[in-house]
Structure formats: structure tokens, C-alpha cells
Amino acid sequence: MTITTIIWVSFAIALVAGYVVWQVFQFRKFEGKMLVTCPETGKPAAVRISVGRAVWAALRGRRQVRLSACSRWPERADCDQDCLCEIEANPEAHKAWSIAAKWFAGKNCAYCGKTIEPVKHLDRMPALVNLDKKTFEWNEIPTEELPVAFEACKPVCWSCHIAETFVREHPELVTYRPWKKSGPIGEYVASNNENKNAAPPKAA
Ligand SMILES: [Zn+2]
């Protein structure tokens with residue numbers, strides 16, 4: 001094999017690899033769990049798109065964006081997948097992550113009052129607290145139930161969620177101190193008539 005042939009073969013391989021990468025990049029916008037309004041029921045449904053199949057079809061010159069999962073399956077596995085129209089029109093608006101990030105943006109924690117940190121992938125995810133005072137990370141909720149959860153629950157920051165979860169699961173290990181750190185040297189002091197009968201806090 002001559003040098004010229006090697007160069008041409010290498011160039012062709014690089015060209016094909018570049019085209020594959022470009023196609024993958026084109027369909028990455030469809031990755032992850034998505035929330036749609038089911039055209040059949042008019043209710044929320046969680047779906048996923050088969051990105052691998054879409055890329056493979058594109059490499060063969062065809063466009064084939066289809067669902068790989070839906071919360072209404074297997075009962076309605078034979079539906080026409082009309083929800084794909086709304087997803088293709090604006091994939092970002094249907095991503096569960098985007099919807100959650102938008103909902104938490106600018107909200108304050110129901111416990112500490114601090115502004116909720118921006119939703120980042122796999123990192124200190126914010127939570128919700130329901131009427132039973134139970135906190136849970138937002139991505140533990142089935143995607144199709146997110147609209148109802150966002151309507152009924154309040155936002156909780158990651159730190160408070162961890163603390164509240166520990167208190168709920170290990171109440172025997174928790175010492176509750178209702179006092180505030182308002183003493184001259186920052187010590188705990190009971191406010192006004194609050195907890196007059198409570199025992200003083202132990203020294204650290
Ligand atoms: Zn908080």
C-alpha cells in the first residue's frame with residue numbers, strides 16, 4: 001500500500017467518523033426522560049426516544065425518530081406516537097431536567113429560606129416536600145407525575161432534604177434544639193417564652 005493510498009484511506013475513515021459524530025450530536029437533543037401531553041388522553045406522559053435507532057437510520061439516509069419507552073406502555077404500545085410532533089418542535093422544553101430546572105429557578109427552600117441552587121446533573125439535586133412533610137429528590141418522582149408534584153409540593157434545598165431525611169429516618173439519634181444562637185458569644189438562647197421547660201443544651 002502506497003503512502004498516497006494510506007492518506008486517502010485515513011481521510012475517508014476520518015470523514016466517516018466525523019459524519020457519525022455529527023449525526024450523534026444532532027440527535028443528542030432527544031436524550032433523557034421527556035414529559036409530553038399525550039394526544040390521546042390529554043394527560044401527562046413520560047417518554048424516551050430511541051436515540052441510537054435514530055442515529056443508525058440517519059446514517060443510512062433515513063429519518064426515524066421513534067419512542068423507545070412510554071409510561072402508557074405496554075397497554076398502548078401500538079399507539080401512533082403522535083406526541084413526537086410536540087417533542088420534535090421543541091425537544092428542550094420537554095426534557096424532565098429542563099422542566100425541573102425551570103420550576104426550581106428562583107424559588108426558596110421551604111425550610112431554610114435560601115434560594116435553591118440551579119439544578120445540575122447528578123449533583124446536590126433539590127427536593128420537594130409534600131403535605132406529609134416527607135422530602136424526596138425531584139427525580140425520584142415518575143416523570144409523568146411531575147406536574148402534579150410541582151403543583152402540590154414545596155421546594156426544598158439539598159442540604160435541608162438531607163437533614164430532614166436523617167431526622168425522619170433516625171429520630172433516636174437527633175437532639176432537637178429549638179433555641180437560637182443569639183447569645184453574646186453565639187451560644188444557644190431560648191427566645192422569650194419559648195421552651196421554658198426544656199432542658200438546656202449540652203455543651204459540645
Ligand atoms: Zn434549605
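Trainee: Where in the chain is the place of V65?
Mentor: This is a predicted model, in which local features need pLDDT of at least 70, side-chain atom pairs count only at pLDDT 80 or more, and totals for chains, interfaces and linings use all residues. Residues are numbered from 1 along each chain as its sequence is written. Helices (H or I, at least four residues) and strands (E, at least two) are DSSP runs, numbered from the N terminus. V65 is in the loop between α2 (51-59) and β3 (67-70).

Trainee: Does V65 count as buried, partly exposed or exposed?
Mentor: Count the other C-beta atoms, placed from the backbone, within 10 Å of a residue's own: 20 or more is buried, 12 or fewer is exposed, and in between is partly exposed. V65 has 18 such neighbours, so it counts as partly exposed.

Trainee: Which residues does V65 touch, leaving out those up to four places away in sequence?
Mentor: Two residues are in contact if their C-beta atoms, placed from the backbone, lie within 7 Å. With sequence neighbours up to four places away left out, V65 touches F30, I49, A54, L84 and E88.

Trainee: Into which domains is the protein divided, and how far apart are their C-alpha centres?
Mentor: The bounds come from an automatic or database domain assignment. They give domain 1 (1-94) and domain 2 (96-173). The distance between the C-alpha centres of these two domains is 31 Å.

Trainee: Which element gives the largest share of the side of domain 1 that touches domain 2?
Mentor: Here 10 residues of domain 1 are in contact with nine residues of domain 2. At least two residues of the domain 1 side come from each of β1 (34-37), β2 (44-49) and α4 (91-94). With three residues, the largest share comes from β2.

Trainee: What is the bridge partner of V47 in β3?
Mentor: Go back to the antiparallel pairing of β2 and β3. In β3, V47 is partnered by C70.

Trainee: What angle does the direction of α7 make with that of β5?
Mentor: Start with the open antiparallel sheet in the order β5-β4-β6. Helix α7 (residues 158-169) packs on that sheet and touches β4, β5 and β6. Axes are lines fitted to C-alpha atoms, for helices over the stretch in contact, and angles run from 0 to 180 degrees between N-to-C directions. For α7 and β5, the angle is about 130 degrees.

Trainee: What is the omega of the peptide bond from W73 to P74?
Mentor: Most peptide bonds are trans. P74 is in the loop between β3 and α3 (84-89). The bond from W73 to P74 is cis, with omega near 5 degrees.

Trainee: What is the phi of K133?
Mentor: Most residues other than glycine have a negative phi. K133 is in the loop between β4 (127-129) and β5 (135-137), and K133 is exposed because 9 other C-beta atoms lie within 10 Å. Its phi is positive although K133 is a residue other than glycine, and the value is near 65 degrees.

Technical notes
Two strands pair if DSSP finds at least two bridges between them.
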